[in-house]
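Visitor: Please show me the model, and then I will ask about some of its residues.

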Amino acid sequence: MKIQKSFKESNGTGTLYIVPTPIGNLEDMTYRAVSTLRDVDVIGAEDTRNTKKLLNHFNIQTPLISYHEHNKQGRGPQLIEQLQSGESIAIVSDAGMPGISDPGSDLVALAVEAEVPVVVLPGANAALPALAGSGISTESFLFCGFLPRKKKDRKEELERLKRQTATLIFYESPHRLKEMLSHTNEVLGPRRASLARELTKRYEEYVRGTVDELAEWAEREDVRGEFVVIVEGSQEKVEEEDDQWWAALSVVEHVDHYIESEGMKSKTAIKQTALDRKLPKRDVYQAYHVE
Ligand code: SAM
């Protein structure tokens with residue numbers, strides 16, 4: 001077990017900052033993100049050319065170094081050494097929160113291992129606004145990221161998610177959206193769903209309906225831009241074992257329980273027992289009065 005006090009005097013190491021950047025609208029850059037990017041020694045960026053434009057816009061002069069999917073094996077330990085020698089480093093991705101379908105989480109794991117403090121700034125991300133604007137339950141949700149590209153793997157993954165009762169959040173690229181929605185409809189059926197397109201940008205749009213309606217929409221539309229797909233969780237009632245508290249009782253004991261513990265009249269207790277066990281009332285009546 002390790003405890004980190006994020007804002008205590010450091011033990012000589014630097015801090016690793018995870019800094020979200022806008023997913024479209026530059027006004028979503030926070031004051032804290034700007035000051036952190038100004039104050040750190042180095043910024044590790046998924047695409048340095050892309051981040052350079054952002055830094056220019058906010059007049060940030062901090063040196064950039066690349067940190068992406070293809071160099072993270074070598075670059076990660078190197079950044080940890082820099083952190084251990086006292087430098088502070090910020091990680092940014094092309095858009096949104098690093099580590100969410102973007103590089104970042106591996107470096108956090110290395111930093112935790114090396115006892116380097118990790119400070120994550122809240123900020124822009126595509127999944128949560130898409131969920132909050134979907135009109136579908138936000139009570140519990142599962143972030144699924146991108147589904148596998150291969151049809152067979154994708155369908156297997158959807159099969160695995162079929163019984164999930166939490167709302168599902170998917171990222172998808174525009175050229176795979178049509179196929180993704182059609183497979184989702186085949187496996188999960190026509191549940192409620194919502195597409196959030198081009199969030200925070202000029203052509204932001206929500207398409208809300210059922211998965212089959214969205215699949216039809218994607219068939220006839222010129223699908224462009226960036227999308228988050230929100231799909232309602234399974235609404236099928238699963239017979240919870242806990243609901244069958246009476247499973248170990250005989251029919252007579254079950255009826256007696258209602259009479260003795262809940263003060264029901266025998267007629268009501270028999271009716272309730274029949275309902276619980278999905279049995280005809282007459283069968284329960286006979287079992288109770290014959291025994
Ligand atoms: N790290 C990012 C985040 O925190 O949301 C996600 C990066 S992931 C590589 C890119 C995917 O995020 C896109 O394919 C799309 O599904 C979603 N996305 C990013 N920006 C978006 C936007 N403005 N509107 C809708 N979806 C967006």
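Visitor: Is Trp245 buried, partly exposed or exposed?
Guide: Buried means under 20% relative accessible area, exposed over 50%, and partly exposed in between (1.4 Å probe, protein chains only). The relative accessibility of Trp245 is 40%, so Trp245 counts as partly exposed.

Guide: This is a predicted model, where local features need pLDDT of at least 70 and side-chain atom pairs count only at pLDDT 80 or more, while totals for chains, interfaces and linings use all residues. Residues are numbered from 1 along each chain as its sequence is written, and side-chain values use heavy atoms, with hydrogens and water left out.

Visitor: Is Tyr258 buried or exposed?
Guide: Tyr258 has a relative accessibility of 6%. Because of that value, Tyr258 counts as buried.

Visitor: What kind of aromatic pair do Trp245 and Tyr258 form?
Guide: Rings of Phe, Tyr and Trp (its six-membered ring) pair if their centres lie within 6.5 Å; planes under 30 degrees apart count as stacked, over 60 as edge-to-face and the rest as tilted. For Trp245 and Tyr258, the centres are 5.8 Å apart and the planes are at 90 degrees, a pair that is edge-to-face.

Visitor: How many aromatic pairs does the structure hold?
Guide: The pair of Phe143 and Tyr171 has ring centres 5.1 Å apart and planes at 75 degrees, so this pair is edge-to-face. In total, the aromatic pairs in the structure number four.

Visitor: Which residues form one aromatic cluster?
Guide: Phe143 is partly exposed at 32% relative accessible area, whereas Tyr171 is buried at 10%. The one cluster consists of Phe143, Phe146 and Tyr171.
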